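Dear colleague,

Please find below the structure that I am handing over to you. My notes on what was found in it follow directly after.

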2 protein chains.
Amino acid sequence: MIDVRDVEAAAARLDGIAHRTPVLTSRTLDGMAGASVHLKAENFQRGGAFKFRGAYNKIASLPEDARGRGVLAYSSGNHAQAVAIAATLLGTRATIVMPEDAPPAKLDATRGYGAEVILYDRWREDREAIGSRLSAERGVELVRPYDDPLVMAGQGTVALELLADAPDLDVIVTPVGGGGLIAGCATVAKPRGLRVVGVEPENGDDTARSLAAGERIELGIPHTIADGLQAPSPGELTFAVNRDLVDEVVTVSDAEIVDAMAFLFDRLKLVVEPSGAVGVAALLARRVAGERIGIVLSGGNVGAARFAELVRPR
Amino acid sequence: MIDVRDVEAAAARLDGIAHRTPVLTSRTLDGMAGASVHLKAENFQRGGAFKFRGAYNKIASLPEDARGRGVLAYSSGNHAQAVAIAATLLGTRATIVMPEDAPPAKLDATRGYGAEVILYDRWREDREAIGSRLSAERGVELVRPYDDPLVMAGQGTVALELLADAPDLDVIVTPVGGGGLIAGCATVAKPRGLRVVGVEPENGDDTARSLAAGERIELGIPHTIADGLQAPSPGELTFAVNRDLVDEVVTVSDAEIVDAMAFLFDRLKLVVEPSGAVGVAALLARRVAGERIGIVLSGGNVGAARFAELVRPR
């Protein structure tokens, strides 16, 4: 499907354009986990999440005439912003299909990056159908959020950079939504002998169940605060990769996610969105074992007001 | 009083011990400010604030026998944690006199770093008197939060690092409480031709008034959310420095501080405490002018619950 060379090609395209995000450590976290923990801070990525990597890699790889006609994406938020930014940087225009209940900060940011936003009701309408129809009507290229080899390869650059900064990791942990991030990271990490662990919200464990069943399982859209991890089923292409390369997918509750967000806030002074905090949530809940653990903090797009709402009632 | 060589000596003592905190930039912030803005992220410093620099420089400079007897400090919070950490690193013990209404996160953290905490009522008791009495009774050295040349010199390393990473700044902006941070930074920045601007909460503008009067003015303890900037008057030694070197002190309201904290959260994914956000608050309120502006984010010690409380009611 994809191999390390695809990820390296993506890294070359992203060089000097994506942020080289820092890998952070915390004595407190190491003490709590009984391990050496390395956090890849993709909350500092352009657009506030790792999604920029895959979107830019995809759009930059389009033939010039296709790219000139513009691109279209459907997304619960971070992919939308990523496509909007990448399109602008590459001199083209983006149309984004977003759920009408997406976090207001994400809707505003997407429009702020210059994209046209089309809203839909994600409990009643099918975003893929809307995306395909608009793509055909307008003659623009669809940039899928995960089920595309170029998108997966772009996301894999997270692991390339993490392993460049912390070469002796024995485990890598990433959030799992549609499976693009973990597919790209596993493509890099598995050949180097790392154990690859995914984390899903317990109400949205479609990939964990699919791996257990050996085939893609379709759940309803999960109700969880991790709005970036609400894919109802694994992607077709991502699942083909992840079935081979992912060792395990564990789950965390919404309450555990909020605890992890508060921990990252209090101790590391980092803003991490619910979807981005699931790796640390799994670590603090002792569902991830290892001596030198790399964890991807996948994004930071939670507004201050929403954060307050999540943390306040405790 | 102090000169650049004192700050360089402090930098040598802190090398490899204090964190070399990053200098961060934001296209959004630059656009809003109409300037190139460089943020020195001391929220990532050991203990969560710049205070570690001065405390460590002071304790490391004590004669060995004095250091062995232990140290004592009074502090509204960040200096307390700083002294506790520095004492532990230097193999001695710290006693900390803290106001009983200090943020719980700060009390807990100070105890967590191994210090003995003694509480007092800061609306009725005088912390300097308590500190002096305990220091005499116990034969331990008092580590002042700002009014000490070694503490000022330690804080000045913030400006040394900021100017190493962003050498062409024309303005440096720091919060002003007792005046130690700005005194140290001005000692570095003024000889290099920068304009030095301090920021105080509008209810605690003791330094602004003192500079206008040409002498130290004593206010009551100000009611402000910026709990690190509640000094009732400038320090004696810090004022002697700041009277010569500080160009201007501007003020910001508590509401402006909260807006700046929310901006730093939403757009930069940074946790910055109220006192640490005053520089950005002043910038966003257009009270600081310049083309290349360095701003010290002095600390990040605001608990998640307290942040929620501050941001929620808007």
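**The contact between the chains**

The contact draws on 26 residues from chain A and 26 residues from chain B. Please bear in mind throughout that this is a predicted model.

Between chain A and chain B an area of about 2000 Å² is buried, and carbon and sulfur atoms give 62% of that area.

As to secondary structure, helix 12 (254-268) and helix 14 (304-311) of chain A each supply at least two residues of the side of chain A that touches chain B. The largest share of that side comes from helix 14 of chain A, with 6 residues. By residue type, the side of chain A that touches chain B divides into 13 nonpolar, 6 polar and 7 charged residues.

Which polar interactions join the two chains? The count of residue pairs in polar contact between chain A and chain B is 8, with both residues at pLDDT 80 or more. The count of salt bridges between chain A and chain B, by contrast, is 0.

**How the two chains are related**

Chain A is superposed on chain B by a rotation of 180° with 0.0 Å of shift along its axis, and the RMSD is 0.0 Å. This is the relation of a two-fold axis. The same surface serves both copies, as 100% of the contact residues of chain A recur in chain B.

Which residue of chain A comes closest to the rotation axis? It is Ala308(A), whose C-alpha lies at 2.0 Å from that axis.

**A residue in chain B: Leu119(B)**

Leu119(B) lies in strand 5 of chain B, which covers residues 116-120.

Leaving aside neighbours within four places in sequence, Leu119(B) is in contact with Met98(B), Pro99(B), Glu100(B), Leu107(B) and Arg111(B). One of these, Glu100(B), is 19 residues apart from Leu119(B) along the chain, and the C-alpha atoms of Leu119(B) and Glu100(B) are separated by 5.1 Å.

With kind regards

Technical notes: Residues are numbered from 1 along each chain as its sequence is written. Chains are lettered from A and ligands numbered from 1 in the order in which they are written. This is a predicted model: local features need pLDDT of at least 70, side-chain atom pairs count only at pLDDT 80 or more; totals for chains, interfaces and linings use all residues. Side-chain values use heavy atoms; hydrogens and water are left out. Contact means heavy atoms within 4.5 Å. Buried area is the accessible area (1.4 Å probe) that two parts lose on being put together, summed over both. A salt bridge is a side-chain nitrogen of Lys or Arg within 4 Å of a carboxyl oxygen of Asp or Glu. A polar contact is a pair of N or O atoms within 3.5 Å; within protein, one must be able to donate a hydrogen and the other to accept it, and residues adjacent in sequence count only if both atoms are side-chain atoms. Helices (H or I, at least four residues) and strands (E, at least two) are DSSP runs, numbered from the N terminus. Ala, Val, Leu, Ile, Met, Phe, Trp, Tyr, Cys and Pro count as nonpolar, Asp, Glu, Lys and Arg as charged, and the others, Gly among them, as polar. Copies are superposed by least squares on the C-alpha atoms of residues with pLDDT of at least 70 in both.
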